[in-house]
Amino acid sequence: MEDENVRDALLKKNYYENCPGCKVDKAKDLKTDVSFRNLFNIWTVVICSSLPVSSLFPYLYFMIRDFNIAEREEDISAYAGYLGSAFMFGRSLTSLVWGVVADRYGRKPVVIFGVISVIIFNILFGLSTSFWMAVATRFFLGCLNGSLGPMKAYCSEIFREEKQGLGLSTLSAAWGIGLIIGPALGGYLAQPAVKYPHLFPKESFWDKFPYFLPSLSISAFAFVVVIACIWLPETLHNHPLSNESIDDAEALGTGNNRNDADKSIQKDENLFLNWPLMSSITVYCIFSLYDVSYQEVFSLWAVSPRRLGGLDFTTDNVGDVLAISGIGLIVYQLSLYPSLERVFGPIRFSCISGVLSIPLLQSYPFIAMLSGMTLYLVINIASLLKNVLSMTIVTCLFILQNRAVEQHQRGAANGISMTAMSLFKAIGPAGGGAVLAWSQKRMHASFLPGTHMVFFILNVAGGLGVLLIFTPFLRQKKTTPSEQLVTVT
């Protein structure tokens, strides 16, 4: 009866009828926030944002070759790295700006604008006729698509506290799966006039723009998403007393007065002095650099000729490998990961995954010595394991970041994380492409010849991240049970 009185008081006194944020708070108080609709909204928006990030990797080698900008074949990987970095460099410049806009005008407008930018600039990228046009379109896509940071805050706001782990896990899984499905689409749909001449004849539009079809397919999906976003619930309050309902709910539910709530608000700490947060962001940035470098290097290495230590795959072969990895990643995220994370905890689980990644990655140059069905089978298993381990690390670190701050500071914390991560991810493709190009010029070196060197350098970056996790670097502050996030409730 007391709980019902509290609920009635909240509904009558503390929520404004025309405020979208109050409607979300009311749904949380009535425990109707966990719905298929909310999870579907997160899933579609995040996948739409992640698909363009790496969809170009399978055909990037051939795209650079067709631009005729590289003087030698060994230089293609370096130019591919610069193009791959343009998106993340643009995003690193505007992530904080979009976070401020989202806090002032709402999450929904920023999300819709970001999805519209995917529609426009992804199509323009597919129509690129020169290297610099491709770089410019990717850069502006990164600058204008600022939806991921607000979506991280959205996941913490749309669900009540004990269910926030479900939203965060959904976001992380959708992002990782988008990074796998995107390259698979790029691999299958690039150069359609060569692969499917009965549908896309020679000398046609599709032959003139061989990389337009994968861009068009992603933009078409984004068009559907932007229509669906019309019904996306806004979580930002639009009245001057936006915190009143939250404070009153705490006062009614716990018996504390408003002075206690005011005091707790005044105790907000400087996020840059929050050691658990900044340390987890640091490790997250290192692994983001490692992960995006691997994605770039893998696609370029797979399509490189055998004489340069590659697999001599077609874009279809790369698409097959990444599609299988994506399906396996979905199964893993929905079935095994939640149980394993609960058993080991995020820190220990990320440590184990990082250690296992090192010998696996260093085996790639030896896998290139195989051929036929054996090569195809082994590289699929290796790619699946590598993506599962990488996604485990990133998801665990993402959970640690959100545990390190109170709920009302998670939006700002995610803005800092996005900016730092984007800077590191901007370095990754350029650095990975340059190192791969350099390694392919030293095929007969006495120490770590050819691609042995590029995978060794990737392991150095991954090993540094593991070393930081092994130390007390990620020691978390104590939290109450109600503050703890879990991956699946």
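Ser49 counts as buried, because its relative accessibility is 5% and buried means under 20%. This is a predicted model, so every value here is computed from predicted coordinates. Ser49 belongs to helix H3, which covers residues 36–54.

## Salt bridges: the Arg72–Asp75–Lys441 network

The structure contains five salt bridges. Arg72, Asp75 and Lys441 are joined in a network of such bridges.

Take Arg72 with Asp75. In this salt bridge, the closest N and O atoms are 3.6 Å apart. Arg72 has 46% relative accessibility and counts as partly exposed. Asp75 has a relative accessible area of 16% and is buried. The cut-off for buried is under 20%.

Asp75 also forms a salt bridge with Lys441, and here the closest N and O atoms are 3.0 Å apart. Asp75 sits in the loop between H4 and H5, while Lys441 sits in the loop between helix H20 (410–439) and helix H21 (451–470), so this pair ties together parts 366 residues apart in sequence. Lys441 counts as partly exposed, at 44% relative accessibility.

## Salt bridges: Arg307 and Glu73

Arg307 forms a salt bridge with Glu73, with 2.3 Å between the closest N and O atoms. The pair links distant parts of the chain, 234 residues apart. Arg307 lies in the loop between helix H15 (275–303) and helix H16 (315–344). Glu73 lies in the loop between helix H4 (57–67) and helix H5 (76–105).

How exposed is each partner? Arg307 is exposed, with a relative accessible area of 53%. Exposed means over 50%. Glu73 is partly exposed, with a relative accessible area of 31%.

## The H4–H5 loop

Glu73 is in the loop between H4 and H5, and Asp75 is in the loop between H4 and H5. Glu73 pairs with Arg307. Asp75 pairs with Arg72 and with Lys441. Glu73 is partly exposed, whereas Asp75 is buried.

Terms used
Residues are numbered from 1 along each chain as its sequence is written. This is a predicted model: local features need pLDDT of at least 70, side-chain atom pairs count only at pLDDT 80 or more; totals for chains, interfaces and linings use all residues. Side-chain values use heavy atoms; hydrogens and water are left out. Helices (H or I, at least four residues) and strands (E, at least two) are DSSP runs, numbered from the N terminus. Buried means under 20% relative accessible area, exposed over 50%, partly exposed in between (1.4 Å probe, protein chains only). A salt bridge is a side-chain nitrogen of Lys or Arg within 4 Å of a carboxyl oxygen of Asp or Glu.
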